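Please look at the sequence and the structure shown below, and then follow the text from a single chain to the way in which the chains are arranged.

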2 protein chains.
Amino acid sequence: MSILVVGSVALDSIETPFGKRKEILGGSATFFSISASFFDKVNMIAAVGEDFPKKYLQLLKKRGIGTNGIAVNKGKTFRWEGRYEYDMNVAHTLATHLNVFQNFAPEIPKSLKNPSILFLANIDPDLQDSVLRQVNRPKLIACDSMNHWIANKRRSLEKFLHKVDIFLLNDAEARQLSGEANLIKAAKAIVSRGPKAVVIKKGEHGALYYFRGSHFLAPAYPLDNVYDPTGAGDTFAGGMIGYLSKAGKLDNVSIRKSIVYGSILASFVVEDFSMNKLLKISMDDVGKRYNELKEMTKF
Amino acid sequence: MSILVVGSVALDSIETPFGKRKEILGGSATFFSISASFFDKVNMIAAVGEDFPKKYLQLLKKRGIGTNGIAVNKGKTFRWEGRYEYDMNVAHTLATHLNVFQNFAPEIPKSLKNPSILFLANIDPDLQDSVLRQVNRPKLIACDSMNHWIANKRRSLEKFLHKVDIFLLNDAEARQLSGEANLIKAAKAIVSRGPKAVVIKKGEHGALYYFRGSHFLAPAYPLDNVYDPTGAGDTFAGGMIGYLSKAGKLDNVSIRKSIVYGSILASFVVEDFSMNKLLKISMDDVGKRYNELKEMTKF
């Protein structure tokens with residue numbers, strides 16, 4: 001199948017208890033695409049500034065990622081500065097410079113208007129909707145969002161979610177959107193108000209998938225160390241959607257496997273800054289962790 | 001096999017956001033035994049006061065639990081008063097009246113000195129050790145502990161743990177004992193300093209078993225509502241040990257199954273106050289949730 005992703009490309013400056021990095025490659029569409037590229041072809045829709053390093057575009061191309069949809073606009077690339085304390089579940093934003101992302105109005109080139117799978121990474125729900133209107137109905141529409149849109153664009157988001165097959169969000173966002181502390185209730189509440197299915201990402205505790213009244217409890221690969229959680233959610237989505245695209249099927253078995261692959265890809269990305277670890281590993285490494293996780297959860 | 005448990009029998013007064021109960025049946029040995037009684041015969045070693053309601057002893061006997069080792073001592077039964085807020089992971093102790101439990105010095109009757117499995121519920125590690133010295137070496141020695149002993153009797157506890165096969169504790173206690181925030185590291189650190197294996201109970205996130213360098217990630221049964229988490233850990237231990245006793249085997253497959261049964265029994269006990277829910281369900285209900293959980297985690 002073919003995947004189209006719409007989201008951000010960013011330059012991140014990150015502090016964790018284990019180190020500091022300046023202006024490293026980030027952004028939801030980037031993490032998603034690098035992760036999905038382990039499985040299948042992805043085309044990106046995004047915008048960068050004139051200052052965006054060419055080496056990063058080359059890096060994407062080298063992995064077979066379609067970059068024709070990345071507009072190079074006048075101005076600077078989106079920058080995010082964040083810090084993590086020892087509790088890595090919470091990102092503290094130090095600064096956000098939207099720059100060219102401020103006026104991001106994704107236009108889908110004609111050649112990309114027929115994706116099999118569309119992933120709308122975390123952007124304004126009105127923009128997510130505008131992208132959806134520009135493409136022919138994909139086999140699968142999946143999306144992410146964030147606390148900011150839940151708080152400030154709830155109506156747009158809820159309206160848009162009715163058009164979505166699989167909605168991915170993290171545990172805190174699921175609680176915020178549903179008003180339910182209990183994630184089992186939250187999953188039901190979210191599905192009752194829009195998307196066909198929901199994946200609630202719980203970090204080190206794995207993920208919860210809810211569809212048509214039944215649950216899948218996906219484990220997380222146990223890690224000794226987490227160095228930088230930035231992009232874990234987008235990497236999860238990339239692994240999941242990438243696997244589904246390659247499998248070419250959307251049945252229950254394939255979806256469960258895809259969620260575990262998402263979890264595995266996320267387990268790698270947090271072991272180093274930016275996408276460094278993903279760029280070092282092979283599909284064999286991914287398969288090895290998948291099999292280990294299967295063994296660790298068997299009963 | 002035959003199980004011997006040493007621990008507390010208590011009268012609990014509990015407040016949760018969903019209700020209040022006064023002087024209901026509690027105590028680590030009680031929760032453990034009712035839970036284990038779904039699978040096999042348990043003998044209890046504990047002490048109660050003269051005020052302990054006879055109906056509770058009858059309730060235990062009716063489930064085939066051996067109560068000859070429950071001493072009725074002069075004075076009042078141990079009482080605990082606690083409150084839970086909406087975050088049910090934290091119990092706020094309002095009052096503890098040790099009463100007869102203050103001078104609890106378990107003596108094992110001759111007829112009970114040959115258990116196949118010994119479970120030392122959460123009591124002073126010096127008492128746990130004294131019990132161990134009184135019995136012939138069981139096939140399996142398992143124990144629990146709590147933050148109080150980790151803080152105030154660490155040396156006794158760590159010395160005692162060298163004699164233990166399986167140590168069960170919750171995530172907060174595992175972090176406290178090991179000094180490691182990461183539970184994967186905590187499990188390794190704990191095993192390196194004493195017990196052969198460790199089970200870290202993570203409440204709604206399931207449990208982590210670590211033995212000889214390999215992990216088992218046990219899921220928790222997803223619940224819509226938790227009414228009273230009191231006794232969940234002891235109920236988990238009872239289900240686990242009860243299953244192992246009935247299986248009569250301590251191989252890896254049996255241990256994994258036993259942990260899932262522990263998790264299932266715990267999922268029932270938190271759905272009502274005291275042991276009320278456990279007293280209403282049958283082994284069929286337990287088996288049904290076990291199979292559901294298996295289905296929900298399969299990939």
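How many helices and strands does the secondary structure of chain A come to? Chain A has 11 helices and 13 strands, where helices (H or I, at least four residues) and strands (E, at least two) are DSSP runs, numbered from the N terminus. This is a predicted model, in which local features need pLDDT of at least 70 and side-chain atom pairs count only at pLDDT 80 or more, while totals for chains, interfaces and linings use all residues. Residues are numbered from 1 along each chain as its sequence is written, and chains are lettered from A and ligands numbered from 1 in the order in which they are written.

Of the 299 residues of chain A, 48% are buried, a word used when 20 or more other C-beta atoms, placed from the backbone, lie within 10 Å of a residue's own. Along the principal axes, the C-alpha atoms of chain A fill a box of roughly 55 × 40 × 35 Å.

Chain B can be laid on chain A with an RMSD of 0.0 Å by a turn of 180° and a shift of 0.0 Å along the axis, with the copies superposed by least squares on the C-alpha atoms of residues with pLDDT of at least 70 in both. The two copies are therefore related as by a two-fold rotation axis. Among the residues of chain B, His205(B) comes closest to this axis, at 3.1 Å (C-alpha).

Where the chains meet, the contact takes 19 residues from chain B and 19 residues from chain A, two residues being in contact if their C-beta atoms, placed from the backbone, lie within 7 Å. The elements of chain B that give two or more residues to its side are helix H7 (183-192), strand E13 (214-218), helix H9 (252-269) and helix H11 (283-297).

Note on methods
Buried ≥ 20, exposed ≤ 12 C-beta atoms within 10 Å, placed from the backbone.
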